[in-house]
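Try each task yourself before you read the solution.

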Amino acid sequence: MTFRRFRTIGWTLAAALALGGCTASPSADPPPTGRPVPAGGLRLVAFDSCDEALRQIRAAARAAVGPWGLGPGRDLLRFGAEAGADSGAQKAAGPASAPDFSGTNVHEAGVDEPDLVKTDGRRIVTYGRGVLTVVDPATRRQTGRLALDPAADRFSGQEGSLLLHGDRALVLLRAGRASESTVPGRRPAPGVVGQARLVLVDLAAAPRVVGEYRIDGRMVDARQVGATARIVISSGHRLEFPQQPGERTDAQRIAANRGVIDKATLDDWLPRYEVRDSVRTVGSGRVGCDRVSRPAGFSAASTLTVLSFDLGAPALGAGDPVTVFADGDTVYSNGQRLYVAADQRWRTWRVASPEARDVSTEIYQFDTAAGTPRFVAAGSVPGWLINQYALSEWDGHLRVATTTGDTWRRERSSQSGVYVLRADGPTLKRVGAVTGLGKGERIFAVRFVGGTGYVVTFRQTDPLYGVDLRDPAAPRVTGELKINGYSAYLHPAGDGRLIGVGQDATGQGQVTGTQVSLFDVADPARPTRIAQHHVARGWSEAEHDPHAFLYWPPERLVVIPVQQSGVVTDGADGTKRPPSGGVLALRVGDKGFTVAGAVDHPGRLADGGEWAPIRRSLMIDGVLWTVSDAGLKATALAGMTSLAWVPLT
């Protein structure tokens with residue numbers, strides 16, 4: 001099988017998905033290489049043919065393999081060193097209308113994110129403990145139930161999430177291992193960590209499965225704009241290196257492992273998939289080598305695949321994959337473009353010198369405005385990301401907030417910065433930066449609002465930095481606020497206000513419980529905190545998962561789940577505190593917070609299982625709905641009185 005020569009990754013994919021592998025003879029040993037260090041600029045090139053793809057992959061793997069094989073996502077492949085000629089360089093949603101219900105708390109308006117509960121105002125759909133459940137908010141009754149994985153629970157590592165479009169729900173979950181070794185004397189392939197499973201469910205009547213897609217690897221994340229869902233999958237290799245007991249040198253072990261690489265086919269490297277309808281398999285194979293590209297320099301011994309599905313179509317199809325030899329752990333999208341980032345923090349665990357612990361984050365940009373995702377550019381920045389909120393695109397520029405240096409050892413050489421990148425041909429080039437934030441600390445929260453960035457760092461106190469990014473070439477810090485504790489999530493509340501959720505702390509940095517802060521950032525030079533609400537010995541899931549945070553602008557209402565290490569019913573100020581595992585509701589006034597009330601669920605599941613804390617909240621037609629694994633509760637905002645309890649049984 002031969003493809004026309006691809007000089008760039010900026011192609012339009014029109015060929016049908018290739019199902020078969022291609023083989024080639026083993027290549028000669030590549031020249032020795034030193035420890036790979038990610039470069040500042042990245043470039044992706046496509047393979048010319050299946051034979052060329054296999055030759056380059058084998059050569060890169062032979063150079064990288066060690067005496068114990070290739071670790072999943074931990075060994076870097078060096079492409080291009082032995083290939084000779086360069087393969088060439090590349091060529092070069094609007095905001096949603098105001099609903100009467102709250103959707104998932106997302107980073108960008110109009111770009112949905114998967115979560116354990118979804119609503120369109122006329123139904124509430126949840127997934128938990130292997131079961132999809134539909135609740136009618138009008139009648140406050142359960143109207144549908146579908147068991148998809150009865151063996152799953154919160155502690156099985158198989159917790160799923162949902163996307164919703166019309167009468168279709170896409171359930172994103174993972175099954176068990178994709179395969180086990182059946183060869184005597186060989187270990188199971190370390191790169192294969194499991195199998196991502198996407199299940200399409202029709203909700204028009206009783207919930208029923210209408211399609212399923214399975215692919216080797218783990219789901220990194222997903223985004224949805226309209227009916228189009230983009231799923232990012234990270235897959236490992238399928239090589240099985242021999243167990244080598246006895247007195248053997250590292251050179252002997254490496255030679256044996258290279259023998260395995262020499263016999264490997266593309267099926268051992270590229271993700272395999274299976275497409276099913278409601279009852280049977282209708283297609284299977286692996287990602288075609290015409291859909292695969294690799295960096296011109298170093299890369300991971302794993303692949304990153306972006307799948308696209310139309311949730312309004314009758315079936316899922318083959319996913320229209322685009323695959324890159326790379327790692328990925330953070331996904332950000334503004335609807336028009338999708339970014340996948342991978343930091344190299346794992347390298348800090350393997351080296352001793354502070355210089356070698358200065359890692360970088362690689363970023364891949366795809367155009368997802370329509371049709372098949374198209375690679376646009378790649379680049380890297382120093383340091384590592386806290387989460388997707390450290391990325392934001394504005395006016396064609398990508399802003400990235402990272403922490404560099406060592407935050408775990410005694411010398412505390414860390415500091416943070418904000419970098420501004422813009423696509424220039426195939427490269428995301430740096431056009432501006434501001435560094436030196438929070439020396440000796442690390443980032444705990446980031447939020448970009450228009451041309452301004454807010455960065456929270458913490459070690460003993462909580463500096464909140466305001467960064468003016470309106471001039472991409474000359475970003476600058478405009479103001480700084482130092483208070484005890486920290487915010488782990490920041491949410492814009494309009495009118496120059498910012499809400500922070502995190503932990504209060506002593507002057508020595510010892511945390512004391514959940515803290516909700518209200519900041520006035522209208523004056524960039526003088527940010528202030530005008531209110532604080534503290535829950536002693538509390539912590540909230542919203543601190544590490546923003547999907548657990550609800551802000552309902554019509555009522556200026558903040559709702560977060562709060563758990564406590566002891567039951568506290570009355571505070572020193574006479575206000576009611578939320579019980580362990582409940583939610584706290586606060587109203588945001590001009591001068592601060594007032595407590596609207598608290599909601600609690602039954603402490604245990606109906607079947608006598610483990611304790612089930614409230615995890616999500618949403619608003620539908622003026623009613624507050626709270627969600628746990630045990631059930632859903634409808635609560636009237638006036639007096640926070642209970643209206644209905646819907647058990648998930």
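A residue is called buried when its relative accessible area is under 20%, exposed when it is over 50%, and partly exposed in between. Keep in mind that the model you are looking at is predicted.

**Exercise 1.** Is D523 buried, partly exposed or exposed, and which class does R526 belong to?

*Solution.* 
- Step 1: D523 has a relative accessible area of 27%, so this residue is partly exposed.
- Step 2: R526 reaches 58% relative accessibility, so R526 counts as exposed.
- Step 3: Now look at the two side chains together: D523 and R526 meet in a salt bridge, at 2.8 Å from N to O.

**Exercise 2.** Classify K482 and E480 in the same way, then find the distance between their closest N and O atoms.

*Solution.* 
- Step 1: With a relative accessible area of 58%, K482 is exposed.
- Step 2: E480 is at 39%, so E480 is partly exposed.
- Step 3: The closest N and O atoms of K482 and E480 are 3.9 Å apart. The cut-off for a salt bridge is within 4 Å, so the pair qualifies.

**Exercise 3.** Which parts of the chain does the salt bridge between D115 and R616 tie together?

*Solution.* 
- Step 1: Begin with the contact, a salt bridge of 2.8 Å (N to O) between the side chains of D115 and R616.
- Step 2: Check the accessibility: both D115 and R616 are buried.
- Step 3: Widen the view to the network of salt bridges that links D115, E541, D545, R615 and R616. In the whole structure, a search finds 30 salt bridges.

**Exercise 4.** What is the volume of the largest cavity, and which residues are closest to its centre?

*Solution.* 
- Step 1: The volume of the largest cavity is about 110 Å³.
- Step 2: Of its 14 lining residues, G103, T104, V117, S617 and L618 are the closest to the centre.
- Step 3: Sorted by type, the lining has four nonpolar, seven polar and three charged residues.

**Exercise 5.** In which sense do strands β38 and β39 pair, and what is the bridge partner of L584?

*Solution.* 
- Step 1: β38 (residues 582-588) and β39 (residues 593-599) pair in the antiparallel sense, over six bridges.
- Step 2: The partner of L584 in β39 is A598.
- Step 3: The two strands form a hairpin with four residues between them, and G592 in the turn has a positive phi of about 155°.

Terms used. Residues are numbered from 1 along each chain as its sequence is written. This is a predicted model: local features need pLDDT of at least 70, side-chain atom pairs count only at pLDDT 80 or more; totals for chains, interfaces and linings use all residues. Side-chain values use heavy atoms; hydrogens and water are left out. Two strands pair if DSSP finds at least two bridges between them. On a 1 Å grid over the protein atoms alone, a cavity is a set of points where a 1.4 Å probe fits but cannot get out, and a pocket is an open set with protein on both sides within 12 Å along at least five of seven lines; lining residues have an atom within 4 Å of a point. Grid points are joined across faces, edges and corners, and a volume is the space filled by probe spheres set on the points. Ala, Val, Leu, Ile, Met, Phe, Trp, Tyr, Cys and Pro count as nonpolar, Asp, Glu, Lys and Arg as charged, and the others, Gly among them, as polar. Buried means under 20% relative accessible area, exposed over 50%, partly exposed in between (1.4 Å probe, protein chains only).
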